[in-house]
Amino acid sequence: MTLRLVEFVVAGNEASDLLPVRSPALLRAHGARRGFWTVLDEGPVERCLALLLERTDGEWVARHVPADAGVENGRTEDGEALAHHDGWVYVFGSHFGSKAGPLRPRRAFVARFREDDAAAGTLPVRVVRNRFRVHRVVNDALAKAPFTPLPPGDRVRRRFIVETLARGTARAKSWVSRLAEDDLPLNVEAATFTPDGTVLLGLRFPVTAAGEPILVELAGVPEMFAGDGDWPVAGRAYALTGVTPPGALVGFRAIAPTADGGYAAVVGSIDALGKGSVLLDDHPAGGGVTSRHVRFRWRPGAEEYLIAGELVADLAPFHHVEGLAELDGSCFYVTDEDHRVALWIG
């Protein structure tokens, strides 16, 4: 596959995920014929939303979107996944921590906004921080799964779980009751809504003991925003087969629905090389893996926990593809680059 590069500088930061703009009003407001949402790494979600737009004359431009999360301003970080549902764009935090741990409660959040509202003025964003409730229900689903998740190494368990429990206990945080010493740290990197309104969460970590990427179905995400105290419930966990190179560990990097009712995804390394990752210290087979564009089919209520994946394209030499979209007969990828946003079109 031959790829064309379009580079942007957006608030001096790199991008995660790629979500097509569906709002005609938003495209008109920017004189664009098509475009994508992306979320920038590390900062609060209200400072990290951006648009990558192709104008009607064919020029690509980037727009940093001013947003306001109200009382939650400054209380989140590390948005990783974007998804459409019922006129809203949802942003999912990684629910993870820094590369050396511990888990960070600020990353355990879901936010949403109306796409049309971005056409004029400051964008209102609603944030719900779940204080490790998603961590708890996903860990419970993995404990019941008919496959074996890869056990965390000693350093991973100590840095991400034991240290998080110790910090929370010392600070008398109520969320410590939602963590257990034998939990797996979660790194949510991908999400998409299903036709039934549930969410398929794609995990970068954990993976299965065989090195396969894991999906977990999550119900009740929109209901979190009703203010009635409802929290998501995890359904089944699934393993994506046939996409992991021999001897490697592969996690999800992005998921997107396809026009035929299936799903496209990017799978790749469980963490970045050369950045002090405790995960890779314990699991080095998960680092030197190039990204792959794959497809799979999933149906609501599916009882088969193994999902067959099909390779679309090996994206070597890229190790760091963070988002994809299949749109208008083209494939679009965004890569995690230092201090820039790189969009590749094929």
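Which residues are linked with Arg33 in a network of salt bridges?

1. The model discussed here is a predicted one, and the remarks that follow should be read with that in mind. To take up the opening question, the network of salt bridges links Arg33 and Arg34 with Glu54 and Asp328. Under the criterion applied, the count of salt bridges comes to 22, and the next points look at individual pairs.

2. A salt bridge joins the side chains of Arg340 and Glu7, with an N to O distance of 2.0 Å. Since Arg340 belongs to strand E22 (residues 340–345) and Glu7 to strand E1 (residues 4–8), this pair ties together parts that lie 333 residues apart in sequence.

3. Glu189 deserves attention for two salt bridges, one with Arg204 at 3.4 Å, N to O, and one with Arg253 at 3.8 Å, N to O. With Glu189 in strand E12 and Arg204 in strand E13, the former pair ties together parts 15 residues apart in sequence. The pair with Arg253, which lies in strand E16, links distant parts of the chain, 64 residues apart. Glu189 counts as buried because its relative accessibility is 2%, and Arg204, at 6%, is buried for the corresponding reason; Arg253 is buried as well.

4. The sheet that contains these strands is open and made of eight strands, in the order E12-E13-E14-E15-E19-E18-E17-E16, with mixed pairing. Its edges are strand E12 (187–193) and strand E16 (251–257), each of which pairs on one side only. From one strand to the next, the twist averages 35°. Within the sheet, E14 and strand E15 (residues 233–241) run antiparallel and are joined by five bridges, with Leu218 standing opposite Ala234 of E15. Helix H2 (residues 133–144) packs on this sheet, where it touches E13, E14 and E15, and its direction makes about 125° with that of E14.

5. Is Glu212 buried or exposed, and how far away is the nearest side chain of opposite charge? Glu212 is buried, yet it has no salt bridge, and the nearest side chain of opposite charge, that of Arg292, is 11 Å away. The residue sits in the loop between strand E13 (199–205) and strand E14 (214–219). Leaving out residues up to four places away in sequence, Glu212 touches Val207, Ala239, Leu240, Thr241, Thr244 and Val250.

6. Strand E3 (residues 32–40) is mostly covered, eight of its nine residues being buried. E3 runs antiparallel to strand E2 (residues 15–20), to which four bridges join it, and Leu19 stands opposite Trp37 in E3. E3 also runs antiparallel to strand E4 (residues 49–55), in this case with seven bridges, and Val39 has Leu49 as its bridge partner in E4.

7. Which members of the largest nonpolar core touch the most other members? This core holds 43 residues, and those with the most contacts to other members are Phe8, Trp37, Leu49, Val91 and Leu123. For Leu49, again leaving out residues up to four places away in sequence, the residues touched include Trp37, Val39, Val91, Phe113, Leu123 and Val125, but also Arg63 and His64. Apart from this core lies another, of 29 residues, among them Ala83, Val188, Ile214 and Phe225. As general background, nonpolar side chains in soluble globular proteins tend to be buried together.

8. A last point concerns Ser330, which lies in strand E21 (residues 330–337). Leaving aside neighbours within four places in sequence, Ser330 is in contact with Ala325 and Gly346. The C-alpha atoms of Ser330 and Val110, two residues that are 220 places apart along the chain, are separated by 29 Å.

Conventions:
Residues are numbered from 1 along each chain as its sequence is written. This is a predicted model: local features need pLDDT of at least 70, side-chain atom pairs count only at pLDDT 80 or more; totals for chains, interfaces and linings use all residues. Side-chain values use heavy atoms; hydrogens and water are left out. Buried means under 20% relative accessible area, exposed over 50%, partly exposed in between (1.4 Å probe, protein chains only). Helices (H or I, at least four residues) and strands (E, at least two) are DSSP runs, numbered from the N terminus. Two strands pair if DSSP finds at least two bridges between them. Lys and Arg count as positive and Asp and Glu as negative; His and the chain ends are not counted. A salt bridge is a side-chain nitrogen of Lys or Arg within 4 Å of a carboxyl oxygen of Asp or Glu. Contact means heavy atoms within 4.5 Å. Axes are lines fitted to C-alpha atoms, for helices over the stretch in contact, and angles run from 0 to 180 degrees between N-to-C directions. A nonpolar core is a set of buried Ala, Val, Leu, Ile, Met, Phe, Trp, Tyr and Cys residues joined through side-chain atoms within 4.5 Å.
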